[in-house]
Amino acid sequence: MESIETLLARQADVLNRIETFFDLQASRSQVIEQLNGLHNKARECSGAVQQAKHCLGRFRSDLGPRYAEVIKKIRLNELLILHLLEQLDRTDSGGGGGGGRKVLQAVQNGNVVDQGVKQEPASSLKPASLAGDRKMTLLDYQNSPFVSKMKPRCLSFLDFNVVISQEDFEQIPKYMRGRESLDELVTFLQTVVVACFEEKYTLLYKNKKAITNQQDLALWKAFNLQQAAFPNNKFVTQGDIARKMGRLIDKKVNGKIQMLRHLHILQETRHEGTVYYIWIRE
């Protein structure tokens with residue numbers, strides 16, 4: 001049973017609430033206008049948020065793909081410039097100055113070269129990358145004019161760029177390194193392994209109509225059949241490396257491959273009796 005003090009406290013609390021209610025009712029006419037104004041502002045803010053959401057949705061669905069398309073066209077134009085400059089350089093080196101000027105004029109008409117820039121000799125127009133191998137990504141190559149050219153070209157891909165430092169080399173166990181040096185391993189990587197990958201994917205991504213050599217066509221068909229084994233990876237087979245070296249893979253070559261596996265550049269796997277080397281270095 002509740003005490004008298006508790007009952008009195010509860011009654012006092014009820015009286016306080018009633019007084020508060022009457023106070024609010026008395027001041028209602030004074031605050032109703034402010035509350036209505038606050039409500040209207042809340043509706044305006046809600047409308048502004050909805051409009052901003054609509055604009056962002058439009059950008060993602062409309063302007064976003066347009067931006068991606070512009071970037072794609074820019075990259076293709078860069079490859080086209082390289083192609084035209086290569087033709088210019090080859091024409092000038094062959095003594096056909098008139099042909100080179102025509103190629104340069106075509107570049108100018110396409111607004112690729114700024115008309116306000118003083119024209120330089122053809123040798124100075126050649127990019128530094130053209131002095132050696134042209135480097136691009138495999139994706140750029142697939143969308144470039146090179147895949148339709150019948151003449152074989154020496155191409156290098158950024159996808160297979162890798163550097164082995166002295167620290168990396170020293171992480172390889174001594175029993176695995178043997179008497180091999182860092183220079184020997186790097187030479188094998190660049191001249192055999194990377195070259196094998198680049199030659200394979202240069203041929204694999206070519207248009208079939210651009211392949212006129214029957215031996216290359218047979219390789220192209222074999223490469224396409226192998227893609228089903230590892231569709232999302234870049235790889236070569238043991239036979240590809242042996243064909244690149246012109247001899248079978250011996251114990252010494254296999255040791256170098258094992259060192260590349262240890263450095264997480266290659267991954268070795270077998271599928272239907274064939275040894276595959278998958279490129280895993282990002």
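This report describes the fold, the nonpolar core, the aromatic pairs and the charged side chains of a predicted model.

## Basis of the model

Because the structure is a predicted model, local features are given only where pLDDT is at least 70 and side-chain atom pairs only at pLDDT 80 or more, while totals for chains, interfaces and linings use all residues. Residues are numbered from 1 along each chain as its sequence is written, and side-chain values rest on heavy atoms, with hydrogens and water left out.

## Overall fold

The secondary structure of the chain comes to twelve helices and five strands, where helices (H or I, at least four residues) and strands (E, at least two) are DSSP runs numbered from the N terminus. Of the 282 residues, 28% count as buried; here buried means under 20% relative accessible area, exposed means over 50%, and partly exposed lies in between, with a 1.4 Å probe and protein chains only. Taking a contact as heavy atoms within 4.5 Å, residues 24 or more positions apart account for 58% of the contacts in the chain with a separation of 6 or more.

## The nonpolar core

A nonpolar core is a set of buried Ala, Val, Leu, Ile, Met, Phe, Trp, Tyr and Cys residues joined through side-chain atoms within 4.5 Å. The largest such core has 48 residues, and those with the most contacts inside it are L260, I265, L266 and W279. Helix α9, residues 182-204, gives the most to this core, with twelve residues. Leaving aside neighbours within four places in sequence, L260 is in contact with I164, L185, F188, L189, V193, I265 and L266.

W279 is found in strand β5, residues 274-279, and counts as buried at 8% relative accessibility. Not counting residues up to four places away in sequence, W279 touches D159, F160, V162, V193, V194, F197, K234, I265 and L266. W279 and Q267 are twelve residues apart in sequence, and their C-alpha atoms are 6.5 Å apart in space. The side chain of W279 also has polar contacts, that is, pairs of N or O atoms within 3.5 Å in which, within protein, one atom must be able to donate a hydrogen and the other to accept it, residues adjacent in sequence counting only if both atoms are side-chain atoms. A polar atom of this side chain lies 2.9 Å from the backbone oxygen of R281, and a polar atom of the W279 side chain lies 3.5 Å from the backbone oxygen of D159.

## Aromatic pairs

Rings of Phe, Tyr and Trp (its six-membered ring) pair if their centres lie within 6.5 Å, and planes under 30 degrees apart count as stacked, over 60 as edge-to-face and the rest as tilted. A search of the whole structure finds ten aromatic pairs. The rings of F160 and F197 have their centres 5.1 Å apart and their planes at 45°, so this pair is tilted. The pair links distant parts of the chain, with F160 in the loop between β2 (155-157) and α7 (166-170) and F197 in helix α9, 37 residues apart. Both F160 and F197 are buried.

The rings of F160 and Y201 have their centres 6.1 Å apart and their planes at 35°, so that pair is tilted. Here too distant parts of the chain are linked, since Y201 lies in helix α9, 41 residues from F160, and Y201 is buried, as is F160. Ring pairs link F160, F197, Y201, Y205 and W279 into a cluster.

## Charged side chains

A salt bridge is a side-chain nitrogen of Lys or Arg within 4 Å of a carboxyl oxygen of Asp or Glu, and by this rule the count comes to five. Among them, R17 and D13 meet at 3.4 Å, N to O; being four residues apart in helix α1 (residues 4-26), they are separated by about one helical turn. R17 is exposed, with a relative accessible area of 61%, whereas D13 counts as partly exposed at 35%. R261 forms a salt bridge with E268, the closest N and O atoms being 3.3 Å apart, and R261 is partly exposed at 32% relative accessibility, as is E268 at 24%.

For opposite charge, Lys and Arg count as positive and Asp and Glu as negative, with His and the chain ends not counted. R177, in helix α8 (residues 174-177), is buried yet has no salt bridge, and the nearest side chain of opposite charge, E170, is 6.8 Å away. E180, in the loop between α8 and α9, is likewise buried without a salt bridge, with K256 as the nearest side chain of opposite charge at 4.0 Å.
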